[in-house]
Amino acid sequence: MTTPEITWNLTELCPCITDPKLNQIINRVVSLADTFEKKYRGKIGELNHNELLTCIQEIEAFDTCFNEVTLYSSLCFSANMTLPETQALNDRVNKLEAKIGKQLAFYSLELGKLIKNNPGIIQEPALANYKHMLERVLRRVEHQLSEVEEQLIIEKDQFGVNAWEELQSKWLNTRLFEINVCGEKKTLSYGTANGLLSHPDRTTRESANRSIYGLLGKDGEIFASALRNICNDWVMVTKRRKYNSPMESSLISNDTEQGIIDNLLATVEEGAEIYRRYLKLKAKLMGLPVLGNHDIIAPLPESPERKFSFHQARDLIVESYSSFSPQYATAAKEMFEKCHIDASPRFGKRNGAFCASYYSGKSAYILQSFNGTLSDVFTLAHELGHATHDWYASRSQSWLNMRMPSVVAETASIFGELLLTDKFLQQAKSDVERKALICLILDEAGMTTFQVTARVWFELALYASIEKDEFLDYASIARHWTTARDRIYGDAVTWFPEMKAEWTMKPHYYMANYRFYNYPYVYAQMFVYSLYERYLQEGNVFAPKLEAALSMGSSRSPLEIGKTMGLNVASSDFWKGGLKVFSRFVHELEDLT
Ligand SMILES: [Zn+2]
């Protein structure tokens, strides 16, 4: 008997890929964009507040409609990337997106100018629903250039900084790695080789680490060229756009402030001591004098291998969400009832997992390749957290207030993982099981909070070096990396010499015009840990506060959203609350050892 495929049902969006309804929606999108352009091009600067309200509502209606098309196309494509019909639709919609993007680019430029010339309009009661969205536009506007300059940047970037980014990913995807897998020599692609970094067999892990980073290091000067030019390009852009620092653009995107992030990073550095204590304990549990870099995320040797069916995963997650509040599990339950999850692994399916918001349906769609491991159950709990966030926000907010910055977007997902963790710990039948579980949690959190902080310091060091006119070759970039890394790990880990090339394979350092990818994840993790701590103190009365916060979408700043739950991220000792949860898990593990 074969297990039935768990696929999503997309008929709410469109009955099928060849249905005439799809063309009708696409035609409607094109006509809405034309009408909008005719009505508003060159005129937004003259609008009064009531006219501006109508204009924003019209672009919002257009966007909501267009989103149904892009969502349907990307979902069909992600589930079956090799089918000719999904490829054709994806290509068609991508082209349409680029065309409409150019056609309507005048909207944000003209809106920016209007607000810059008349910032008082933001306070108009008629525009109350869009107040914070307009404040975010205002914050960005002084860094905008003229329409021609913006176009030139886009045109030149595609063959400049974007090409450096492409070089890095091409290198990774066209190399083969010789790895000794449990005594057998294999030649593997990067994707497969990477999966062996947390293999239960220590020798295999060592071979995978040395092979991957050894080969990357051999071409270290190539990666150094790419990264040096991408960072230098960004320093130029920063000056041209008059940002105060290379980080400012990302602070605006994340709707946060420098002081809050500085305090976050300083608190994590102080707390690294707790992480090192854990790593030393883990070495003891693994029977080692000290951990090697290949043991940091390795499972404990006696870890029980557990398998879960999709239905078991569903029940566990729904039960853990319900234990917080019965209402809180509604979105997760609905996701299963409506068949909005594509869980079966299949050839041609996109790697990884995601949750895509389905605004018009006040729901979401989740894609995952569920193989029944413990980590798959956690991934599902995480993605269902995103669906829960969408469920609350889409019921209270209009479309333009659904653009949650990364620091907020991970709130319900990380919270969902913590609820599941509690459930597993309550159910654990032996200390071996408990230890394995706590280590899994601390390994994950250790990477997200501590290792990721080292990445932020590394990036800061690169820009500081450029400012001092230092030349960034392979050796100096590698030195910046090991210095940042050692600030976290100290004497708790020994490193293969090959690991000085670790930074070469992280795609986000090379992302053109998308700098400081890392700190929002540290922020989110520490924020949700603090929030969880608050929940443990307050008990069930906390549930409505979280629900209200999730309902805000992006209509308030992350600072204000935190305050509605009694959490002030701007206070000097706020982030210490997050470390407490980490510390408690370490204590629990110490008690079991
Ligand atoms: Zn997420």
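Figure 1. At 52% relative accessibility, Lys 239 counts as exposed, since the class begins over 50%. The model shown here and in the following views is predicted. Lys 239 pairs with Glu 467 through their side chains in a salt bridge, with an N to O distance of 3.3 Å. Because Glu 467 belongs to helix H18 and Lys 239 to helix H10 (residues 220-240), the pair ties together parts that are 228 residues apart in sequence. Glu 467 has a relative accessible area of 47% and is partly exposed.

**Figure 2. The salt bridge between Glu 166 and Lys 170 within helix H7****.** The two side chains of Glu 166 and Lys 170 meet at 3.3 Å, N to O. Both residues lie in helix H7 (residues 161-173), four residues apart, which is about one turn of the helix. Glu 166 is partly exposed at 44% relative accessibility. Lys 170, at 49%, also counts as partly exposed, because exposed residues must be over 50%.

**Figure 3. The salt bridge between Arg 136 and Asp 255****.** The closest N and O atoms of Arg 136 and Asp 255 are 3.8 Å apart. This pair links distant parts of the chain, 119 residues apart. Arg 136 is in helix H5 (residues 131-141), while Asp 255 is in the loop between helix H11 (248-253) and helix H12 (258-285). Asp 255 counts as buried, with 10% relative accessibility, because the buried class covers values under 20%.

**Figure 4. A network of salt bridges joining Glu 5, Asp 342, Arg 346 and Lys 349****.** The network links these four residues, Glu 5, Asp 342, Arg 346 and Lys 349. Side chains of opposite charge can pair when their charged atoms come close. The structure as a whole holds 34 salt bridges.

**Figure 5. The largest nonpolar core and the residues that touch the most other members****.** The core comprises 203 residues, and those touching the most other members are Tyr 328, Leu 384, Phe 415, Trp 503 and Phe 527. Helix H18 (residues 431-467) contributes the largest share of this core, 15 residues.

**Figure 6. Contacts of Trp 503****.** Residues up to four places away in sequence are not counted in this view. Trp 503 touches the aromatic residues Phe 223, Phe 458, Tyr 474, Trp 481, Tyr 509 and Tyr 510. Trp 503 also touches Gly 220, Ala 224, Leu 227, Ile 477 and Ala 478. Trp 503 is one of the residues of the largest nonpolar core that touch the most other members.

Note on methods:
Residues are numbered from 1 along each chain as its sequence is written. This is a predicted model: local features need pLDDT of at least 70, side-chain atom pairs count only at pLDDT 80 or more; totals for chains, interfaces and linings use all residues. Side-chain values use heavy atoms; hydrogens and water are left out. A nonpolar core is a set of buried Ala, Val, Leu, Ile, Met, Phe, Trp, Tyr and Cys residues joined through side-chain atoms within 4.5 Å. Buried means under 20% relative accessible area, exposed over 50%, partly exposed in between (1.4 Å probe, protein chains only). Helices (H or I, at least four residues) and strands (E, at least two) are DSSP runs, numbered from the N terminus. Contact means heavy atoms within 4.5 Å.
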